[in-house]
Amino acid sequence: MCAFQIAIDGPAGAGKSTIAKKIAEKLSFIYIDTGAMYRALTYEVLDRKIAIDNIEEIIHIAKNCNIAFKNKDVFVNNNKVNDDIRSRRVNENVSYIAKIPEVRNILVDRQKKIASNNNIVMDGRDIGTKVLPNANLKIFLTASVEERALRRYNEIKCNNSNVDIESIRSEIVKRDAMDESREHSPLKKAINAVTIDTTGLTIKEVVENILILVRKQCINI
Ligand code: C5P
């Protein structure tokens, strides 16, 4: 198998991490969820009660905090934060932190380092455009906002009966708008990315479609 990098970008709730994880498993590649890195930093900032507009302090934390993936767990400074980084507070604040250019530079450098010389599947917002501009395969995964909100709702309601789909929908719309309109590395499809609209598709169907594209690319190398 050739050394291979797969970049998966797309809006919130499009199923990127579910799909990316499965692709990585099937191909025995490393999987990196870059959204979890921005989330982990946001969690750390909120946990330390740093104001979201204290840019200098946030950059300082970004430089010094250790974000690590071990097996399926995410750690910030050796604390396991798997569930904490998916909280509503983190959802509401992560895009403010992710738009700080210095924060992006710090995390993008770390992402590039992890990806160098590895077969990797990486998902996020700027993977095809910025982090892995030479990726062998770039996918832009999307779905209607109604479907994305419904998927999130179904995920969350197993653990929390107090959720309503309308607030999930508006959180997704707000986060997408911020991610798409920011000045540095906005969410956008890379020129050579393949768009897959997952509305109405099963996870299995999306994974199979991507695996077909991987095989095609390997033949072309
Ligand atoms: O992918 P996920 O929804 O977990 O990402 C959380 C947030 O992190 C996004 O809404 C975005 O603001 C930020 N992010 C980013 N660049 C990435 C990955 C995530 O700006 N590569």
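Me: How many salt bridges does the structure hold, and what makes a contact a salt bridge?

Reply: The structure holds 13 salt bridges. The term requires a side-chain nitrogen of Lys or Arg within 4 Å of a carboxyl oxygen of Asp or Glu. This is a predicted model, in which local features need pLDDT of at least 70 and side-chain atom pairs count only at pLDDT 80 or more, while totals for chains, interfaces and linings use all residues. Residues are numbered from 1 along each chain as its sequence is written, and side-chain values use heavy atoms, with hydrogens and water left out.

Me: Why is the pair of Arg86 and Asp33 called a salt bridge?

Reply: The N to O distance between the two side chains is 3.2 Å; the limit is 4 Å, so the pair qualifies. Arg86 lies in the loop between β5 (79–80) and α4, and Asp33 in strand β2, 53 residues apart, so the pair links distant parts of the chain. Helices (H or I, at least four residues) and strands (E, at least two) are DSSP runs, numbered from the N terminus.

Me: What do Arg169 and Glu146 tie together?

Reply: Their side chains meet in a salt bridge at 3.0 Å, N to O. Arg169 lies in helix α8 (residues 165–181) and Glu146 in helix α7 (residues 145–157), so the pair ties together parts that are 23 residues apart in sequence. Arg169 is partly exposed at 27%, and Glu146 is partly exposed at 48%.

Me: Where do Arg152 and Glu155 lie?

Reply: Both lie in helix α7, three residues apart, about one turn of the helix. A network of salt bridges links Arg125, Asp179 and Arg182.

Me: Why is the aromatic pair of Phe4 and Phe29 called tilted?

Reply: A search of the whole structure finds one aromatic pair. Phe4 and Phe29 lie 6.3 Å apart, centre to centre, with 45° between the planes. Rings of Phe, Tyr and Trp (its six-membered ring) pair if their centres lie within 6.5 Å; planes under 30 degrees apart count as stacked, over 60 as edge-to-face and the rest as tilted. The rings therefore pair, and their angle makes the pair tilted. Phe4 is buried at 0%, and Phe29 is buried at 9%.

Me: How do you know that Lys70 sits over the ring of Phe75?

Reply: The charged end of Lys70 is 4.8 Å from the ring centre of Phe75. The term requires NZ of Lys or CZ of Arg within 6 Å of the ring centre and within 35 degrees of the ring normal. The distance therefore falls within the limit, and Lys70 is classed as sitting over the ring.

Me: What makes α2 mostly covered?

Reply: Eleven of the 14 residues of α2 are buried, among them Tyr38, Arg39 and Leu41. The helix reaches 20 Å from its first C-alpha to its last, close to the 20 Å expected at 1.5 Å a residue; the expected span is 1.5 Å times one less than the number of residues.

Note on methods. Buried means under 20% relative accessible area, exposed over 50%, partly exposed in between (1.4 Å probe, protein chains only).
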